[in-house]
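I opened the notebook on a structure that is new to me. I will go through it place by place and write down what I look up.

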Amino acid sequence: MQRIANFLCMTIMCVILFLGVVPALGDSVKPGDVIGPHNWEKVKGLVPTGLLPDIKQGSTLEVKATVPITFPKEFMEATRNYAGTAKTDSRGWLKNYLAGLPFPDLNTNETGIGDKLIWNFRWRYQGDDYLTGMSYTPERGWYEARTHNWCWDKENREIDLGQGHVDLKPMGRTQLNPKPLLPGQEGVEDYGMLVGSYPRDKRGEVVVTKRYCDPDKFDDMYKYIITIRRIRRLPTQERGATMAPTIFCMDDWRYFWGKIEHFKYNYLGEKKMLAIATREGCKLDYKFWWPTGEKWELRDVYILEQIPRKDIYPKYPYSKRIFYLDKDSYMPWFIEMYDRKGEYWKVEINPHGYFTNWDGKRDFLGMGTTGKDLQSGHRTSCQVFGTHNNTGLTADHFSLSKMIEISRMGVFRP
């Protein structure tokens, strides 16, 4: 027995000593490092495993010093003023939210931390409204600036798709008056729109969604179908249908745009990961399906698992998503999707940074979404042009009559 006890003590001491000398994850890289095929092992655990094969084959990334992320003072003031107001109930559903970040002071040991993380993601800073596909100058006013979706199959054949995104937050407003809620829009959480710009047979195709605050009420969704020149209501199942030729479904729009209450959330821990987080300007180089030659920085992230509710989605396309949420901004640097069998299916990268808004102010937002279907080899890279926040949109911009007007012009104008 004594020998067994001595053996256990020695084992424990060795483990303690080992843990003391093993470098922490993230110590393997430093600012100035260029990662490529010769040293790809350095970023194992710091990027999703779905990126490693491309780095081995020639993709490169450069490491830079971590830069603090800043947000408009109005958003920070709203977060401070309303701190402690928002709550989650026993089901994890958000109550009493007004504006700003719902839960600015998180304790990862508290009950329901997964639910609070996803609500911080939902109400992170993203402007009171948002659009892509248009640019603005005082001389020209608003004019078209196409947003590109490059799609490749496993043989590397390319399809180019143009699709603009438009969004309006009737509640949680911090930048534009009226605040924090648009009058007459009580009970509405969000309006969204997709506008096809090219190829020619897609130009003028419009999809509008209306999200309600009521957790038990499904979204209203409408689509203007070009071939019949009519608006048709879409079934809820369309949220999980692939938006061909991309690899994404409607719920993947803007990282995740499904209804929060239709899923369950589990906090899995935190770690450091590399991300394109504070780039200046929106022009990215897509030599591969994800931006290459870019500067990445180490960020602290929360790891959050999302599982669809079987009573709502018995045949949802994903068995789970894994979010890697920035601890400061709640931006999802990466999202990993698993198929119904639980096998690793897709990986998504979301570059972010600073850009000049239509009003001349410097603002922080996503620069597109890029993803790979690891099972089929298909890839999609969205390059955002004409990105603007806080343009003064109203609910009328998402009406059925406006859909017909947009379809005739082929573009959305504020």
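Where is the place of arginine 279? I find arginine 279 in strand 15, residues 279-280. Before going on, I note the ground rules: this is a predicted model, where local features need pLDDT of at least 70 and side-chain atom pairs count only at pLDDT 80 or more, while totals for chains, interfaces and linings use all residues. Residues are numbered from 1 along each chain as its sequence is written, and side-chain values use heavy atoms, with hydrogens and water left out. Helices (H or I, at least four residues) and strands (E, at least two) are DSSP runs, numbered from the N terminus.

I checked the accessibility of arginine 279. Arginine 279 counts as partly exposed because its relative accessibility is 22%. The classes are buried under 20% relative accessible area, exposed over 50%, and partly exposed in between (1.4 Å probe, protein chains only).

Which side chain does the side chain of arginine 279 make a polar contact with? I find glutamate 294, at 2.7 Å. A polar contact is a pair of N or O atoms within 3.5 Å; within protein, one must be able to donate a hydrogen and the other to accept it, and residues adjacent in sequence count only if both atoms are side-chain atoms. I also looked at cysteine 249, 30 residues from arginine 279 along the chain; their C-alpha atoms are separated by 27 Å.

Two strands pair if DSSP finds at least two bridges between them. Strand 15 pairs with strand 20 (residues 352-356) in the parallel sense, over 2 bridges. Glutamate 280 has tyrosine 354 in strand 20 as its bridge partner.

Which residues are buried in helix 5? In this helix, residues 400-409, I list Lys402, Met403, Ile406 and Ser407. They lie on the same side of helix 5 because they cover an arc of only 140 degrees around the axis. The arc is that of the directions from the helix axis to the C-beta atoms. Ser401 and Arg408 are exposed, on the face turned away from the buried side.

The buried residues of helix 5 pack against strand 10 (188-198), strand 11 (206-212), strand 12 (220-225) and strand 13 (230-233). Contact means heavy atoms within 4.5 Å. Just after helix 5, glycine 410 takes a positive phi of about 85 degrees.

Strand 11 pairs with strand 10 in the antiparallel sense over 7 bridges, and glycine 192 has threonine 209 in strand 11 as bridge partner. Strand 11 also pairs with strand 12 in the antiparallel sense, over 5 bridges. There, lysine 210 has aspartate 220 in strand 12 as bridge partner.

How many cavities of 30 Å³ or more does a search of the whole structure find? The search finds 5. On a 1 Å grid over the protein atoms alone, a cavity is a set of points where a 1.4 Å probe fits but cannot get out; a pocket is an open set with protein on both sides within 12 Å along at least five of seven lines; lining residues have an atom within 4 Å of a point. Grid points are joined across faces, edges and corners, and a volume is the space filled by probe spheres set on the points.

The largest cavity has a volume of about 300 Å³. It is lined by 24 residues, and the closest to its centre are His165, Trp253, Arg254, Thr369 and Cys382. Arginine 254 lies in the loop between strand 13 and strand 14. It is buried because its relative accessible area is 9%. Its phi is positive, about 55 degrees, although it is not a glycine.

The largest pocket holds about 320 Å³ of space. Of its 19 lining residues, the closest to the centre are Gln163, Lys202, Glu205, Lys223 and Met243. Strand 10 gives the largest share of this lining, 4 residues.

**Entry: cis bonds**

The peptide bond from tyrosine 198 to proline 199 is cis, with omega near 5 degrees. Proline 199 is in the loop between strand 10 and strand 11.
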